[in-house]
Amino acid sequence: MSGVIQGFGVIAAIVLIGYLLGRGELLGENARETLTRLSFYVGTPALLLQMLSESDVSILFSTPLLVSALSTFAAAGLFVLVGLLRRWNIRRTTIGALCSSYVNAGNLGIPIAVYVLGDASLIAPVMLFQLLVMTPIGLTVIDFSQGGERSSAWLRILAPFRNPIVICSLIGVGISLSGWRIPAPVLEPITLLGHLSVPTVLLAFGISLRGSALPAAGAERWPVLLSVGLKSVVHPVIAWAIGAGLFGLEGATLFAAVVISALPAAQNLFVYASRYNVGVRLARESILLSTILSVPVLFTVTALLG
C-alpha cells in the first residue's frame, strides 16, 4: 500500500503549503482566484493537450472501462436524481454530480496504479473517459444553464467549444488519431506549462481552506454528505456489482476496476467550480472529505479483493 501513502503524502504536502501561504497572505488577497485561472486557462489545457496527443485513444474500448463508465454515470445520476427531487440549482447539482463520480485519476490515481495495481496504464482509459466525456458534459450543462441575459442559440451551442479545456482535449485527440506527433521544440513549452496544472490546483485548494468552516456544515451539509457518500462508498460498490455481476470480471481485473472507482473526487473539479463561481464550497468540502475517507476505503478494498 506504499502507493496509497505516497499519493496522499504528495497531495497533503502541497495543500498544506497552500494553506500556509493563504494564512500568511503571502500571495495577496486574490491568490486563489489567480491560481485557479492559471490552471483553468493555461496549466490544465496544456497538460491535456500533451497527454492526449501522446495517448492511444483505442484503449477507450474495453470491458474494464465500460465498468468504470457505467458506475460513474450511475453515481452521478443518483446525485442528479436527489437534486431534482430537492429542486437544487442545476449548476450546483452538476458540480455535486461530478464530485460524486469523477475520480482523482491524475496526481493520486497514477501512483496508486503503479504501486497498488502494478500497471500505470490501467488508469489511462479512465483519465481519457473523464476528459473526453465527463468534463465536456459537465461544463456544457453549466454553460447552458448560466443565468443572466439570454444569448443566441448558436452562441450557447458553441459555448463549450470556447472552453480552453475542451478545445485542447479535442485537439489532443485529433493529433492522436492522425498519428502525427508534435515536434519537440513545440512540445517542450507545452509540457512545461502543463506541469503548472496539478500544483496550482492544490495550492489554490489549500489557500481556500484558510478561515473556512468545518466541512459538511451549514447550507451545504446535505449535498456534501450525499456527494461524499456516493463517491466514497456507493461508487466502488456499484463498480464491483457491475464488474462481477454483469460482466463476470474477477481477480486482478475486478480489483483494478473497484480500486479506481474508490479514488476520491478530483481536485480539478474545484477549479471548474471556482471558474464558474458555482458550488465552490460543495466542491472543496466534497474533495477534502472524500480524500480523507478514501484511505480506509482503499485499504478495505485491497483487503477484500487484493
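**Salt bridges**

I began with R32, which counts as partly exposed at 21% relative accessibility; buried means under 20% relative accessible area, exposed over 50%, and partly exposed lies in between (1.4 Å probe, protein chains only). A word on what I am reading: this is a predicted model, where local features need pLDDT of at least 70, side-chain atom pairs count only at pLDDT 80 or more, and totals for chains, interfaces and linings use all residues. Residues are numbered from 1 along each chain as its sequence is written, and side-chain values use heavy atoms, with hydrogens and water left out.

The side chain of R32 meets that of E33 in a salt bridge, at 3.4 Å from N to O. I take a salt bridge to be a side-chain nitrogen of Lys or Arg within 4 Å of a carboxyl oxygen of Asp or Glu. E33 is partly exposed too, at 34% relative accessibility.

R92 and E220 pair at 3.1 Å, N to O. This pair links distant parts of the chain, 128 residues apart: R92 sits in helix α4 (residues 90–99), and E220 in the loop between α10 (197–208) and α11 (221–246). Both residues, R92 and E220, are buried. For helices I use DSSP runs (H or I, at least four residues; strands are E, at least two), numbered from the N terminus.

R281 bridges to E285, with the closest N and O atoms 2.6 Å apart. They are separated by about one helical turn because they lie 4 residues apart in helix α14 (residues 280–305). R281 is partly exposed at 27%, whereas E285 is buried at 2%.

**Fold and core**

I count 14 helices and 0 strands in the protein chain. Buried residues make up 51% of its 306 residues.

Which residues touch the most other members of the largest nonpolar core? They are Y102, L117 and L269, out of 71 residues in that core. Such a core is a set of buried Ala, Val, Leu, Ile, Met, Phe, Trp, Tyr and Cys residues joined through side-chain atoms within 4.5 Å. Helix α6 (residues 124–144) gives the most to this core, with 8 residues. A second, separate core of 7 residues includes L49, C168, I175 and I190.

Last, I checked Y102: leaving out residues up to four places away in sequence, its contacts (heavy atoms within 4.5 Å) include Q130, M134, P264 and Y272.
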